Each structure stands twice: as C-alpha cells, then as structure tokens.
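Me: I have a model open and would like to go through the labels used for it, asking where each one comes from. Could you take me through them?

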Amino acid sequence: ERSFLRETLRLTKPEVEAFVTKRVRDCLTGKIAPDAVHEATGIKVVGLCQEHIAQGINPPLKYREGTPLIDTGQLRSSITYEVR
C-alpha cells in the first residue's frame with residue numbers, strides 16, 4: 001500500500017469516474033470494445049499517478065536534498081497497471 005497512490009485516487013476520483021462513465025457509454029453504444037475500457041482506464045490512472053509523483057511526495061526527506069526515486073524517474077516508471 002502506497003500513500004501517494006491512495007492520495008492520487010482520492011484527489012482525482014471525480015475525474016476518473018467521469019472518464020470511466022464516458023468509456024462505458026461508448027462501449028454500450030458499440031463505439032469501443034469492453035477490453036478497450038479497461039485498458040484506457042489503466043492508462044489514465046497510471047498517468048494521473050505519475051503526474052502526482054512528479055509534483056512531489058510528502059513528507060519530504062529530512063537528511064538529504066532532492067527526492068531520489070523521483071529524481072531518477074525510477075518510481076514513476078515503475079507505476080503500471082494490469083487488467084485481470
């Protein structure tokens with residue numbers, strides 16, 4: 001469990017809900033396939049999480065400058081999704 005993921009989802013819940021609602025409507029009208037709804041949702045949420053990470057993770061480190069996992073991009077690039 002990662003607090004920055006929970007925080008992202010809490011802050012963007014209305015945006016994600018609107019996104020999913022539109023994709024489900026598109027699916028029900030035959031504009032897109034059901035699998036495309038899942039894939040698009042995963043991509044959207046990953047992007048939102050990566051954006052939130054780029055803005056900074058609290059609390060800041062006490063004993064060193066910068067934020068190592070953010071500075072190297074390692075944390076952001078490790079955020080993925082899986083459709084089951």
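Predicted model: local features only at pLDDT ≥ 70, side-chain atom pairs only at ≥ 80, totals over all residues.

Me: Why are H1 and H2 called roughly antiparallel?

Reply: The axes of H1 (residues 3-28) and H2 (residues 34-54) cross at roughly 155° and come within 9 Å. Axes here are lines fitted to C-alpha atoms, for helices over the stretch in contact, and angles run from 0 to 180 degrees between N-to-C directions. Angles under 35 degrees count as roughly parallel, over 145 as roughly antiparallel, 65 to 115 as roughly perpendicular and the rest as oblique. The pair is therefore roughly antiparallel.

Me: Which residues make up the contact of H1 with H2, by class?

Reply: The contact residues divide into 16 nonpolar, four polar and four charged. In this scheme Ala, Val, Leu, Ile, Met, Phe, Trp, Tyr, Cys and Pro count as nonpolar, Asp, Glu, Lys and Arg as charged, and the others, Gly among them, as polar.

Me: What makes Thr 12 a bend in H1?

Reply: The bend at a residue is the angle between axes fitted to the seven residues ending there and the seven starting there. At Thr 12 that angle is about 70°, and a proline, Pro 14, follows within four residues.

Me: How do you know whether Thr 12 is buried or exposed?

Reply: Buried means under 20% relative accessible area, exposed over 50%, and partly exposed in between (1.4 Å probe, protein chains only). Thr 12 has a relative accessible area of 13%, so Thr 12 is buried. The C-alpha atoms of Thr 12 and Leu 48 are separated by 7.8 Å, although these residues are 36 apart along the chain.

Me: And why do Thr 8 and Phe 19 get their labels?

Reply: Thr 8 has a relative accessible area of 2%, so Thr 8 is buried. Phe 19 is at 14% relative accessibility and therefore counts as buried too. Thr 8 touches Leu 48, Cys 49 and His 52, while Phe 19 touches Ala 40, Thr 41 and Lys 44, in both cases not counting residues up to four places away in sequence. Contact means heavy atoms within 4.5 Å. Among the other buried residues of H1 are Phe 4, Val 16 and Asp 26, and what covers the buried residues of H1 includes H2 and helix H4 (74-77).

Me: Why does Glu 17 get its label?

Reply: Glu 17, also in helix H1, is at 43% relative accessibility, so Glu 17 counts as partly exposed. The C-alpha atoms of Glu 17 and Thr 41, 24 residues apart along the chain, are separated by 9.7 Å.

Me: How many residues does the protein have, and what share is buried?

Reply: Of the 84 residues in the protein, buried residues make up 23%. Among contacts with a separation of 6 or more, residues 24 or more positions apart account for 62%.

Terms used:
Residues numbered from 1 in each chain as written. Heavy atoms only, no water. Helix = DSSP H or I, 4+ residues; strand = E, 2+ residues; numbered from the N terminus.
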